[in-house]
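Me: Could you take a close look at one part of this structure for me, the aromatic rings, and explain the terms as you go?

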Amino acid sequence: MNSTDFPNVNVTSNSTMVLFPPLMDKIVNGITVLILFITMVSLGCTMEISKIKVHIVKPKGVAIAVLAQYGVMPLTAFLLAKLFQLKDIESVVVLICGCCPGGNLSNIFSLALKGDMNLSIVMTTCSTVLALGMMPLLLYLYCKALIPNAESVIPYTGIIVALLMTIVPCAVGIFINAKAPRYSKIITKIGVILMLIATVVIGVIAGMNIGTEVWTLLSPRLIGTCAFMPLIGYFLGYFLSGLLCLNEQCKRTVSMETGCQNTQLCTAVLKVAFPPELIGSLFLFPLIYILFQAVEALIFIVVFRCYEKIKSKMNNPKTNADNKLKEVNLVQNLIEK
């Protein structure tokens, strides 16, 4: 597979698309795989076998995870690729991001929004396990509608290998949580810190080598896609959970689980499965996506917290009585004056 397989990719020479020398490219690949490994071990440490069994017996959470993660987001990515008229390779990158399972950031955001953490973890678990079959299937269906000869140009084998790399570390995390749960929180915290450090390292290395390719990555079409994709996911996730008659706590959870993607997995797939002369700087697309994903989620969190604070003050009889007393005193002072 090379750039000629994608007719809408304008490349004057292969060297213009290669960001790193061969040795540096292998180092970046290694760091990318390490980030994915750490992320999936940390994610596994949040999973409990007993709760997974309960939701397998009563698969409502599984059904919600499938509908939200593999119904809403791939379709959103497909429509945005059409709307912004993205090039073939750009469309593939956006679709891969849209077909990825939920990430562990969704658990953090759900906690900040006082969501149902059991549902959050189950949805993340289910979407991660189902990714092995759903992600290649959805990529095949959507890419076939976007790109001619998609079957021959999409590296499905490399994508499946990258997905298989998530199963082992996730199983390691589950094993640690089952046998030594006291270490789970420590591993999760250390994992998040190491993941952030490694992400910054990749960003710095890429920034030193990216050159004029930065304009490909920061094109208005890709920035618009990054901005709208998580936002649409958040809103449609909330709307979908309303149709399923879930309570407000679960609605907020489904909203975060829908809009948040596993960007570490997306980066690993793009960097490992695609040749560097084809993917170029686009393997950094998930880093741009996660910025919009996090900023938009933080805005929702701030709005929700402000709403909760105002609501608690209005519903607090003591506060209302104090406010009325202040008003009476103010009126009395005005009359005296």
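Reply: Happy to! Tyr-234, Phe-235 and Phe-300 form one aromatic cluster. Before going on, please note that this is a predicted model, in which local features need pLDDT of at least 70, side-chain atom pairs count only at pLDDT 80 or more, and totals for chains, interfaces and linings use all residues. Residues are numbered from 1 along each chain as its sequence is written, and side-chain values use heavy atoms, with hydrogens and water left out.

A search of the whole structure finds 5 aromatic pairs. Rings of Phe, Tyr and Trp (its six-membered ring) pair if their centres lie within 6.5 Å; planes under 30 degrees apart count as stacked, over 60 as edge-to-face and the rest as tilted.

Take Phe-78 and Tyr-142: their ring centres are 5.3 Å apart and the planes meet at 45°, so this pair is tilted. It links distant parts of the chain, with Phe-78 in helix α3 (residues 60-83) and Tyr-142 in helix α6 (residues 117-146), 64 residues apart. Helices here are DSSP runs (H or I, at least four residues), numbered from the N terminus. Both Phe-78 and Tyr-142 are buried, where buried means under 20% relative accessible area, exposed over 50%, and partly exposed in between (1.4 Å probe, protein chains only).

Now back to the cluster. The rings of Tyr-234 and Phe-300 have centres 5.7 Å apart and planes at 85°, so they are edge-to-face. This pair also joins distant parts of the chain: Tyr-234 sits in helix α11 (residues 220-243) and Phe-300 in helix α15 (residues 285-315), 66 residues apart. Tyr-234 is buried, at 1% relative accessible area, while Phe-300, at 27% relative accessibility, counts as partly exposed.

Notes: Helix = DSSP H or I, 4+ residues; strand = E, 2+ residues; numbered from the N terminus.
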